[in-house]
Amino acid sequence: WLERVRETAEWAGPAFGLGTAMVIGQENSTMTPHFDSHGNIVLQIFGEKEVTLWPPEDTSSLYPFPSNHPATRQAMLNPETFPDFGQGDMFPRYKSTRPLRGVIRAGDVLYLPLAWWHMMRSITH
């Protein structure tokens, strides 16, 4: 079945926006805030995952790394620790963001449009 999924997703091309990727995480593993240079489809096969989305208009308030930085397309702040470690003073515009939060469960499919910021945390393993 995995081969059929890969073939179906071939419309995307080779890796990093041009191909198929499978991300497997254990309980409480996180994917810090970032955006992709392409649309994505998240298929939750097992367990549950908390998802936070931000529209592209919130980009400057998420403090992305500069475009020439190795972590480009990732936020410099971590909302899970904000403002516990003084990040409130360093990233004041973050408070103006409009996050959308939800949970995806086994069998759910989530479409992530181009340039939408997202953060995920596995609830179960």
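A nonpolar core is a set of buried Ala, Val, Leu, Ile, Met, Phe, Trp, Tyr and Cys residues joined through side-chain atoms within 4.5 Å. In this predicted model, the largest such core has 10 residues: Phe-35, Trp-54, Leu-62, Tyr-63, Ala-75, Leu-77, Phe-91, Tyr-94, Trp-117 and Met-119. Buried here means under 20% relative accessible area, exposed means over 50%, and partly exposed lies in between (1.4 Å probe, protein chains only). The model is predicted, so local features need pLDDT of at least 70 and side-chain atom pairs count only at pLDDT 80 or more, while totals for chains, interfaces and linings use all residues. Residues are numbered from 1 along each chain as its sequence is written, and side-chain values use heavy atoms, with hydrogens and water left out.

**Overall make-up**

- The protein chain has two helices and six strands, where helices (H or I, at least four residues) and strands (E, at least two) are DSSP runs numbered from the N terminus.
- Along the sequence these elements follow the pattern α-β-β-β-α-β-β-β.
- Of the 125 residues in the protein chain, 31% are buried.
- Among contacts (heavy atoms within 4.5 Å) with a separation of 6 or more, 77% are between residues 24 or more positions apart.
- The protein chain exposes about 8,100 Å², and carbon and sulfur atoms supply 59% of that area; accessible areas come from the Shrake-Rupley method with a 1.4 Å probe, and for residues only the protein chains shown count as cover.

**Strands and sheet**

- Four strands form an open sheet in the order E1-E6-E3-E4, with antiparallel pairing; two strands pair if DSSP finds at least two bridges between them.
- E1 and E4 are the edge strands, each pairing on one side only.
- From one strand to the next the twist averages 20°, with axes taken as lines fitted to C-alpha atoms (for helices over the stretch in contact) and angles running from 0 to 180 degrees between N-to-C directions.
- E3 and E6 run antiparallel and are joined by six bridges; Trp-54 has Trp-117 in E6 as its bridge partner, and both tryptophans belong to the largest nonpolar core.
- E2 and E5 also pair in the antiparallel sense, over four bridges, and Val-42 stands opposite Leu-110 in E5.
- In a regular strand the side chains alternate between the two faces of the sheet.

**Nonpolar cores and Tyr-63**

- In soluble globular proteins, nonpolar side chains tend to be buried together.
- Tyr-63, a member of the largest core, is found in the loop between E3 and H2 and counts as buried at 11% relative accessibility.
- Leaving aside neighbours within four places in sequence, Tyr-63 is in contact with Gln-74, Ala-75, Met-76, Leu-77, Met-90, Phe-91, Pro-92, Arg-93 and Tyr-94.
- The phi of Tyr-63 is near 50°, a positive value in a residue other than glycine.

**Salt bridges**

- The structure holds four salt bridges, each defined as a side-chain nitrogen of Lys or Arg within 4 Å of a carboxyl oxygen of Asp or Glu.
- One of them joins the side chains of Arg-73 and Asp-36 (3.8 Å, N to O). Arg-73 lies in the loop between strand E3 (48-54) and helix H2 (87-90) and Asp-36 in the loop between strand E1 (30-34) and strand E2 (40-43), so the pair ties together parts 37 residues apart in sequence.
- Asp-36 is buried, with a relative accessible area of 10%, whereas Arg-73 is partly exposed at 26% relative accessibility.
- Arg-73 also has a positive phi, near 75°, in a residue other than glycine.
- Glu-50 and Arg-121 meet through their side chains in a salt bridge (2.9 Å, N to O). Glu-50 lies in strand E3 and Arg-121 in strand E6 (residues 117-122), so this pair ties together parts 71 residues apart in sequence.
- Glu-50 counts as partly exposed at 33% relative accessibility.
- Asp-58 forms a salt bridge with Arg-98, with the closest N and O atoms 3.0 Å apart. This pair links distant parts of the chain, with Asp-58 in the loop between E3 and H2 and Arg-98 in the loop between H2 and strand E4 (100-105), 40 residues apart.
- Asp-58 is buried at 4% relative accessibility, while Arg-98 is partly exposed at 46%.
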